[in-house]
Amino acid sequence: MTTLTRSITIDAPIDTVFDYALDVRRLWQVKDIALTEVDIKPEGVGTSARMYTHLLAFHLEGGIEYTEVVPGKRIVAQVHFFAEKPTWTFTFAPARGRTKVTATGEWSLKVPVVGRPIEAMMVKEHEPMIEMLLANLKAQVEAK
């Protein structure tokens with residue numbers, strides 16, 4: 001298993017940040033990713049959407065689903081794309097009146113010999129995306 005972790009501190013209380021992130025349309029608002037068929041569940045678990053993006057000239061589509069939600073503390077999202085199925089865990093912690101949001105993505109390919117290098121490549125590929133996702137979350141919440 002290979003992981004990618006990034007954090008950001010948002011100038012807002014945990015409840016405000018968490019409630020904003022609970023809406024999959026807001027949390028996953030990233031350049032080059034479109035969400036459709038959004039189904040938001042009141043408690044969070046089961047919230048889902050279809051995801052569309054592209055890589056070079058290839059159209060990619062998949063899905064996302066919130067599989068675990070601990071109010072004010074954690075959101076776990078399972079992403080399904082063509083050859084990858086990362087699990088993203090977003091944690092929320094107090095930080096002197098603000099909120100520290102940490103995103104951790106985990107990839108696990110059960111392919112002998114080449115699995116680890118492919119996982120490392122996927123992590124590297126997703127670094128700009130998760131940094132943008134967190135920056136967008138910060139900008140949106142702080143603008144409220």
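This report walks through the strand pairings, salt bridges, ring contacts and surface patch of a predicted model.

Let's start with the strands. Strand β3 (residues 48-55) runs antiparallel to β4, and eight bridges join them. One spot to look at in this pairing is T53, which stands opposite L60 in β4. The two strands form a hairpin with two residues between them, and L56 in that turn has a positive phi of about 55°.

Strand β4 (residues 58-70) then pairs with β5, again in the antiparallel sense, over seven bridges. Here I64 has V79 in β5 as its bridge partner. This is a hairpin as well, with three residues between the strands, and G72 in the turn has a positive phi of about 75°.

Moving along, β5 (residues 74-80) and β6 pair antiparallel over five bridges. Next, β6 and strand β7 (residues 98-107) pair in the antiparallel sense over nine bridges, and A93 has K100 in β7 as its bridge partner. The β6 and β7 hairpin has two residues between the strands, and R96 takes a positive phi near 55° there.

F58 belongs to strand β4. With a relative accessible area of 58%, F58 is exposed, because the cut-off for that label is over 50%.

## Salt bridges

How many salt bridges does the structure hold? There are seven of them. One is between R6 and E131, whose closest N and O atoms are 2.7 Å apart. That pair links distant parts of the chain: R6 sits in strand β1 (residues 2-10) and E131 in helix α3 (residues 115-143), 125 residues apart. Both ends get some solvent: R6 counts as partly exposed at 26% relative accessibility, and E131 counts as partly exposed at 38%.

Helix α3 also has a local pair. E142 and K138 meet side chain to side chain in a salt bridge at 2.9 Å, N to O. Both lie in that helix, four residues apart, which is about one turn. E142 is partly exposed at 35% relative accessibility, and K138 is partly exposed at 24%. Elsewhere, salt bridges that share partners join R6, E127 and E131 into one network.

Another salt bridge connects R74 and E68, with their closest N and O atoms 2.8 Å apart. R74 is partly exposed at 29% relative accessibility, and E68 is partly exposed at 30%. As for where they sit, β5 covers residues 74-80 and β4 covers residues 58-70.

The structure holds three aromatic pairs. Take F18 and F92: their ring centres are 5.1 Å apart and their planes sit at 75°, so the pair is edge-to-face. This one links distant parts of the chain, with F18 in helix α1 (residues 14-22) and F92 in strand β6 (residues 87-95), 74 residues apart.

Terms used:
Residues are numbered from 1 along each chain as its sequence is written. This is a predicted model: local features need pLDDT of at least 70, side-chain atom pairs count only at pLDDT 80 or more; totals for chains, interfaces and linings use all residues. Side-chain values use heavy atoms; hydrogens and water are left out. A salt bridge is a side-chain nitrogen of Lys or Arg within 4 Å of a carboxyl oxygen of Asp or Glu. Buried means under 20% relative accessible area, exposed over 50%, partly exposed in between (1.4 Å probe, protein chains only). Rings of Phe, Tyr and Trp (its six-membered ring) pair if their centres lie within 6.5 Å; planes under 30 degrees apart count as stacked, over 60 as edge-to-face and the rest as tilted. Two strands pair if DSSP finds at least two bridges between them.
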